[in-house]
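Dear colleague,

I am handing over the structure below, together with my notes on what was found in it. Could you read the notes alongside the coordinates when you have a moment?

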Amino acid sequence: MGKVYVFDHPLIQHKLSFIRDKNTGTKEFRELVDEVGTLMAYEITRELTLEETIIETPVSKATCNILSGKKLGIVPILRAGLGMMDGILKLIPAAKVGHVGLYRDPQTLQPVEYYVKLPSDVEEREFILVDPMLATGGSAVEAVNSLKKRGAKHIKFMCLIAAPEGVKVLQDAHPDVDIYIAALDEKLDEHGYIVPGLGDAGDRLFGTK
């Protein structure tokens, strides 16, 4: 079963409080999500492997550590996932970016893939799939399906807020995918919204209703 990591870093929790606040406007909301994306990227890359290299300081030679060159890919789920992408890229600018677009079928209410564009070397990359919310889990499961169908072997899922129901759905469908979240909330309401949540992340990021 995939592991669930809840980030308790004080800066993440502090900024998340303002993200949740209904009085936070679009500009500030967008900036805060970007900042938390950077802070979460710091945590999610903790286990990247290092290799030794010899460099010359102004004083002498030194044995130092650099990243071993493991290829990373960032894949936001459209559209709300875009809000976290730039924050992650600030820390790992060499990562390639893919996109997964999903919409909800009005009859079945199930997510349907409408757009996928990934780096060409899919099998060699470790992907971080990004969406601010993990609510029912349907979109996350379908997005992972989209990556795996194209050959992705190493996938992590990262979001701001998750409901226990969504975590379970994603774990049951993809037990090989670890989940990284800033807050595990109480539940879903009857409309599928996370409680207490933060409302609709896409609408708040882009100023739509």
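A residue is called buried when its relative accessible area is under 20%, and exposed when that area is over 50%, with partly exposed in between. Please keep in mind throughout that this is a predicted model.

With that cut-off in hand, Arg-125 counts as buried, because its relative accessibility is 5%. Arg-125 sits in the loop that joins β7 (111-117) to β8, and once the neighbours within four places in sequence are set aside, its contacts are Lys-71, Leu-72, Gly-73, Lys-96, Pro-119 and His-154.

Ala-135 belongs to the loop between β9 (133-134) and α4 (138-149), and it is buried because its relative accessible area is 18%. Leaving aside neighbours within four places in sequence, Ala-135 is in contact with Ala-163, Glu-165, Gly-166, Leu-188, Gly-192 and Ile-194; for the pair Ala-135 and Gly-166, the separation is 31 residues in sequence and 5.0 Å in space, C-alpha to C-alpha. Gln-171, in turn, is part of helix α5 (residues 164-173) and counts as buried because its relative accessibility is 16%. Not counting residues up to four places away in sequence, Gln-171 touches Met-1, Gly-2, Val-4 and Ile-179.

I turn next to the helix pairs. Two packed helices are described by the angle between their axes and the distance between the axes.

For α1 and α2, the angle is about 155° and the axes are 10 Å apart, so the two helices are roughly antiparallel to each other, and their crossing is left-handed. On the α1 side, Leu-11, Ile-12, Lys-15, Phe-18 and Ile-19 take part, and they meet Phe-29, Leu-32, Val-33, Glu-35, Val-36, Leu-39 and Met-40 in α2. Sorted by class, this contact of α1 with α2 holds ten nonpolar, no polar and two charged residues.

Helix α2 (residues 26-44) also packs against helix α3 (residues 82-91), at an angle of about 45° and with the axes 7 Å apart. The helices α2 and α3 are therefore oblique to each other, and they cross in a right-handed sense. From α2 the contact draws on Val-33, Asp-34, Gly-37, Thr-38, Met-40, Ala-41 and Tyr-42, and from α3 on Gly-83, Met-84, Asp-86, Gly-87, Ile-88, Lys-90 and Leu-91. The contact of α2 with α3 comprises seven nonpolar, four polar and three charged residues.

Which residues have the most contacts inside the largest nonpolar core? That core has 37 residues, and the ones with the most contacts within it are Ile-19, Met-40, Ile-74, Met-158, Leu-160, Ile-161 and Leu-198. At least two of its residues are supplied by each of several elements, including α1 (10-20), β4 (72-78), β10 (154-162) and α6 (201-206), while the largest share, seven residues, comes from α2. Apart from this core lies another, of 25 residues, among them Val-100, Leu-129, Ile-155 and Ile-181. Met-158 touches residues that include Gly-37, Met-40, Met-84, Ile-88, Ile-128 and Tyr-180, when residues up to four places away in sequence are not counted.

Finally, two peptide bonds may be worth a look in the backbone. The bond from Leu-78 to Arg-79 is cis, with omega near 5°, and Arg-79 lies in the loop between β4 and α3. The bond from Val-195 to Pro-196 is likewise cis, with omega near 0°, and Pro-196 lies in the loop between β13 (194-195) and α6.

With best regards

Definitions and conventions: Residues are numbered from 1 along each chain as its sequence is written. This is a predicted model: local features need pLDDT of at least 70, side-chain atom pairs count only at pLDDT 80 or more; totals for chains, interfaces and linings use all residues. Side-chain values use heavy atoms; hydrogens and water are left out. Axes are lines fitted to C-alpha atoms, for helices over the stretch in contact, and angles run from 0 to 180 degrees between N-to-C directions. Helices (H or I, at least four residues) and strands (E, at least two) are DSSP runs, numbered from the N terminus. Angles under 35 degrees count as roughly parallel, over 145 as roughly antiparallel, 65 to 115 as roughly perpendicular and the rest as oblique. A crossing is left-handed if the near helix is turned anticlockwise from the far one by less than a right angle, and right-handed if clockwise. Contact means heavy atoms within 4.5 Å. Ala, Val, Leu, Ile, Met, Phe, Trp, Tyr, Cys and Pro count as nonpolar, Asp, Glu, Lys and Arg as charged, and the others, Gly among them, as polar. A nonpolar core is a set of buried Ala, Val, Leu, Ile, Met, Phe, Trp, Tyr and Cys residues joined through side-chain atoms within 4.5 Å. Buried means under 20% relative accessible area, exposed over 50%, partly exposed in between (1.4 Å probe, protein chains only).
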